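Reader: I'm new to this one and would like to learn how to read it. Could you walk me through it step by step?

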Amino acid sequence: MNKNPYMPILATISSIKLESTGERPIKTFKMVLQDENARKNFSFLPGQFVMVSIFGTGESTFAISSSPTQKDYIEVSVLKYGKNTQALHQADVGDTVGLRGPYGNSFDVKGWEGKNILFIGGGIGQAPLRSVINYTLDNRDKYKNIDIIYGARTTKDLCYKDEFAEMKQRDDVQTHLSIDVEEEGWDEFVGFVPANLKRLNPSPKNTIALTCGPPIMIKFVLQNLEELGFTEEQIFTTLEMRMKCGIGICGRCNIGNTYVCIDGPVFSLKQLKKIEGDM
Amino acid sequence: MVDQKLLVEEVKKIVSQEDVKYVIGYKKGTYGFAISPAFAYSPEYVDKFIFNPLCKKNLAVYPILEEKLPLKKGEKADTRKIGVIVKGCDSRALNQIIQEKGQKRENLVIIGIPCTGVIDQKKIISKFPNVTDYTDIEEKNGNYKISINGEVHNIPKEELLADFCTSCVAPNPVIYDILIGDEVEPWEPQEHNNLKELNEKTIEEKWAYWEEHFQRCIRCYACREACPLCYCKECMADMLTPQWIRRSVNLSENTAWNIMRAYHLAGRCVGCGECESVCPVNIPLMELNKQIENDVKEMFNYTAGMDVDEKPLFGMFRPDDPEEFIL
Amino acid sequence: MESLVLSKNKLPELINKISSEHILYGPTEENNYSSFKQILNFDEMNLSYLLSRVSPKSILFKQTETLFKFIPGRKGSVKSSEIPEEKSVIFAIRPCDARSFSILDGVFNGDYEDPFYISKRKNTVLIGLTCNKPEQNCFCTTFDDSPGSSKNLDILLTELNNNYLVEVVTEKGNNLLKNMRSLLKEASKEEIQERKEIEEHAISTINRKMNLEGIVPKLDKMFDHELWHNTAFKCIGCGICTFLCPTCHCFDMQDEGTLKEGARIRVWDSCMYPEYTHHASGHNPRPARMNRVRNRVYHKFSYFPKNEDVTACTGCARCIDYCPVNIDIIDVIDKVGAILIE
């Protein structure tokens with residue numbers, strides 16, 4: 001038993017996938033815990049996050065983007081931004097990283113069985129949603145309609161292109177992609193994600209809506225969902241805050257008296273509306 | 001001594017000007033000898049303004065602290081001027097900032113007050129501990145006359161005077177739009193504190209002296225935040241790529257911080273003493289600053305913040321600049 | 001609770017005895033202020049100051065702590081982690097500072113246990129010293145505390161005219177004194193009375209009080225009030241309040257070391273700095289001083305009471321005494337109380 005909650009366990013990067021090649025590229029890292037026992041004991045739920053270390057550079061927070069149904073490994077998708085994400089982008093298959101977690105609460109995927117699920121993602125915000133998407137697709141018979149609205153700035157910035165292409169072949173899941181500005185050869189929606197949502201006009205009946213993306217996108221998606229008749233209890237999002245400890249001690253991820261690391265990161269709109277704080 | 005009435009009257013006029021947003025001055029603090037910075041948006045508020053020898057804080061730090069948050073749609077930037085009350089050293093800070101293009105002269109209304117030196121809070125509190133209030137404090141005939149609970153105490157000026165005031169080269173404001181009161185007679189600047197003795201020490205002794213001080217540093221960076229000239233958008237101490245200074249609080253990193261801070265103020269420090277006054281662990285930072293000030297004076301015949309039209313020391317080059325310190 | 005007396009001239013013997021068996025921290029003087037340091041000999045101590053400049057939280061929650069060591073790089077690994085086990089004693093801690101530990105316990109022993117703080121906390125005996133002369137901004141009595149309170153201590157000493165009254169509060173305190181009994185004798189009724197009078201006198205000299213009544217619900221309605229702008233206007237963001245505060249506990253984590261070996265350290269951080277919440281993306285949820293000042297006040301007087309059932313303030317007044325711009329927390333809370341809201 002590891003008594004030091006700040007000490008990571010070791011994992012090996014077993015594969016790296018370049019997801020997007022825009023101005024800020026995104027890579028998905030598949031990581032396998034080195035210790036067999038740790039691997040057996042590691043379990044998580046969609047929506048939870050992990051702290052990933054490159055020893056000597058530092059530690060950062062990432063949503064787990066794989067599904068718990070995918071055994072023996074976890075995946076995180078990393079947008080190249082700061083010091084730690086740059087170091088991760090330079091990593092190779094076979095490299096060692098440190099992992100802590102899983103932390104935080106999760107999406108209530110069990111409670112949503114028998115319902116339609118609507119995903120609305122933007123940019124790297126698709127990462128935590130991907131965990132739920134893969135989970136629901138792996139338990140396809142338990143859910144009704146599955147719709148995925150996803151957009152990015154340009155085609156280069158679109159994440160998980162191969163997976164979307166695969167989903168297009170299936171008839172039990174509908175995808176609705178968009179890019180912000182017209183590009184040659186693009187035959188799907190052009191415009192912002194909230195606009196695509198409005199255009200598609202999904203019915204709130206027996207439906208759960210999950211959204212994640214840049215703060216400005218989330219703001220308008222929430223507005224539009226409510227206009228479409230979704231109630232506060234039907235809408236869920238996952239928040240991001242700067243974190244250091246991930247376990248409710250270091251004090252920086254609070255929004256009001258809510259700590260995103262232990263009370264979140266997943267919130268219903270109903271909960272979100274009750275929180276008064278700096279976001 | 002500044003005429004309180006005149007001060008309030010003049011500041012009221014300035015606050016009333018349409019092109020002035022607010023004026024920064026001093027008011028009595030919430031307890032004891034505390035002084036609080038005060039921001040007057042309306043003439044009525046100016047009645048709270050005071051000026052006495054306790055008004056040590058360099059208010060030149062405030063115009064640069066003004067936060068320019070992103071404007072909302074249709075919102076126009078408020079371009080009105082900021083008024084600020086300054087003593088001699090504070091005015092040098094403004095000069096220096098204007099030279100460096102950190103502030104525009106036309107955005108400021110500078111209200112100068114000639115100064116005969118300010119009281120060190122630490123000294124007065126140790127002299128009069130637990131005093132909850134005072135009625136009056138003024139400088140008279142080389143004494144501070146302090147009225148507390150109806151009792152008048154006459155304390156020799158040198159017992160309470162802030163150390164760095166004895167080496168002051170500009171008791172009178174060097175830049176202002178309006179001067180409150182008459183200019184004071186400058187005094188012969190003295191060598192700061194024990195700088196002379198410190199200079200006679202060997203390198204090893206000097207190192208030991210500073211090690212003893214730097215090991216105490218808690219790296220709160222209050223010295224930086226209080227300094228009107230520490231206004232870099234991103235301080236090298238906060239940078240992560242590259243990380244110049246590690247976050248660990250130990251002698252090595254503390255030394256790196258303190259020396260880098262002092263060097264970044266070479267030819268820029270105006271000697272207002274804010275860094276040293278706010279330091280919660282009493283590091284004699286002014287000894288470092290003053291030494292560098294002396295070196296700059298000796299090598300380049302330059303004194304920071306004296307002339308608004310001059311170029312900053314490290315923004316100019318003269319063919320005859322000394323270079324023996326370049327390795 | 002047992003009341004004993006120690007004659008003043010026996011104090012050095014007691015201290016030296018404790019320091020021979022434990023790591024002993026006590027107040028020392030350096031450069032005209034007091035700070036807690038490890039004491040090897042009684043003479044190193046200076047008991048004439050009321051409060052240390054930096055609070056003794058720095059003993060249990062070190063400013064820089066090694067969380068674990070590692071071999072850096074892409075083939076790196078975790079080397080070791082050591083949880084401190086040593087037995088220590090903090091001597092002459094003031095009742096308000098002792099109370100800060102009771103407040104911090106909830107943070108470090110919440111959903112997850114912080115073994116560094118908790119281990120030191122368990123292995124540390126707190127010997128308090130009554131504040132015979134509180135200072136001008138002291139306001140511990142606001143929090144049902146007192147300059148002579150033994151509530152959060154293992155042993156409390158009170159300086160009487162000729163002796164120290166020694167109150168043994170906990171079993172931990174009792175154990176510490178086990179083989180020092182020869183230095184102590186039973187306290188007389190008069191001595192216990194003298195101690196009581198000293199405390200009462202000390203309480204009577206406390207001038208300042210914060211009115212906390214109704215502050216938590218009031219703050220709920222005041223998040224967007226102009227008071228926060230007005231208070232933050234003079235704040236220069238120096239962070240002294242957070243560094244000296246006995247209940248501030250926020251930290252940063254960083255990797256440091258050489259190319260061959262390194263350590264993940266944690267180091268005190270301050271919510272008064274803009275970098276504190278700055279996201280790598282450039283977004284900052286608390287971009288202005290207003291946000292940061294407000295968060296600090298809310299954290300102590302709203303979030304803490306809501307989450308931990310205690311106000312995160314001890315009344316030590318360090319933040320008042322050392323704020324360079326006179327942001328006075330009593331004044332701020334009084335203003336909150338005075339504002340009328342529908």
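**Reading the model, feature by feature**

Author: Let's start with one residue: Asn301(B) is exposed, with 7 other C-beta atoms within 10 Å. Here a residue is buried if 20 or more other C-beta atoms lie within 10 Å of its own, exposed if 12 or fewer, and partly exposed in between, with C-beta atoms placed from the backbone. This is a predicted model, where local features need pLDDT of at least 70, side-chain atom pairs count only at pLDDT 80 or more, and totals for chains, interfaces and linings use all residues. Residues are numbered from 1 along each chain as its sequence is written, while chains are lettered from A and ligands numbered from 1 in the order in which they are written.

Reader: Where is Asn301(B) placed?

Author: Look at the segment after helix H11 (285-300) of chain B. Helices (H or I, at least four residues) and strands (E, at least two) are DSSP runs, numbered from the N terminus. Asn301(B) also has a positive phi of about 50 degrees, although it is not a glycine.

Reader: And Arg219(B), is that one buried or exposed?

Author: Arg219(B) is buried, with 22 other C-beta atoms within 10 Å. Its phi is positive too, about 55 degrees, and Arg219(B) is not a glycine. You'll find Arg219(B) in the loop between helix H7 (203-214) and helix H8 (222-226) of chain B.

Reader: Which peptide bond to Pro102(A) is cis?

Author: That's the one from Gly101(A) to Pro102(A), with omega near 0 degrees. Pro102(A) sits in strand S6 (residues 96-103) of chain A. Another cis peptide bond runs from Gly264(A) to Pro265(A), with omega near 5 degrees. Pro265(A) lies in the loop between helix H7 (260-263) and strand S15 (266-268) of chain A.

Reader: How do I read the domains of chain C?

Author: Domain bounds come from an automatic or database domain assignment. For chain C that gives domain 1 (2-204) and domain 2 (215-338). Taken over C-alpha atoms, the centres of these two domains of chain C are 26 Å apart. For contacts, two residues count if their C-beta atoms, placed from the backbone, lie within 7 Å. By that rule, 31 residues of domain 1 of chain C are in contact with 28 residues of domain 2 of chain C.

Reader: Which elements give two or more residues to the domain 1 side of that contact in chain C?

Author: They are strand S4 (64-71) and helix H3 (95-108) of chain C. By class, this side of domain 1 of chain C has 16 nonpolar, eight polar and seven charged residues. The classes work like this: Ala, Val, Leu, Ile, Met, Phe, Trp, Tyr, Cys and Pro count as nonpolar, Asp, Glu, Lys and Arg as charged, and the others, Gly among them, as polar.

Reader: What can I read from H3(C) itself?

Author: Compare its span with the expected one, which is 1.5 Å times one less than the number of residues. H3(C) has 14 residues and reaches 20 Å from its first C-alpha to its last, close to the 20 Å expected at 1.5 Å a residue. Of those 14 residues, 11 are buried, so H3(C) is largely enclosed by the rest of the structure. Among the buried ones are Phe101(C), Ile103(C) and Leu104(C). Their cover includes helix H2 (57-60), strand S6 (88-93), helix H4 (115-122) and strand S7 (124-129) of chain C.

Reader: How about a residue in H4 of chain C?

Author: Take Pro115(C), which has its place in that helix. Pro115(C) is partly exposed, with 18 other C-beta atoms within 10 Å. Not counting residues up to four places away in sequence, Pro115(C) touches Lys3(A), Asn4(A) and Ile83(C).

Reader: How many residues do chain C and chain A bring to their contact?

Author: Chain C brings 46 residues and chain A brings 38. The chain C side divides into 19 nonpolar, 18 polar and nine charged residues.

Reader: Last one: how are two packed helices described?

Author: By the angle between their axes and the distance between the axes. Axes are lines fitted to C-alpha atoms, for helices over the stretch in contact, and angles run from 0 to 180 degrees between N-to-C directions. The axes of helix H8 (residues 226-233) of chain C and H10(C) come within 8 Å and cross at roughly 105 degrees. H8(C) and H10(C) are therefore roughly perpendicular to each other; angles under 35 degrees count as roughly parallel, over 145 as roughly antiparallel, 65 to 115 as roughly perpendicular and the rest as oblique.
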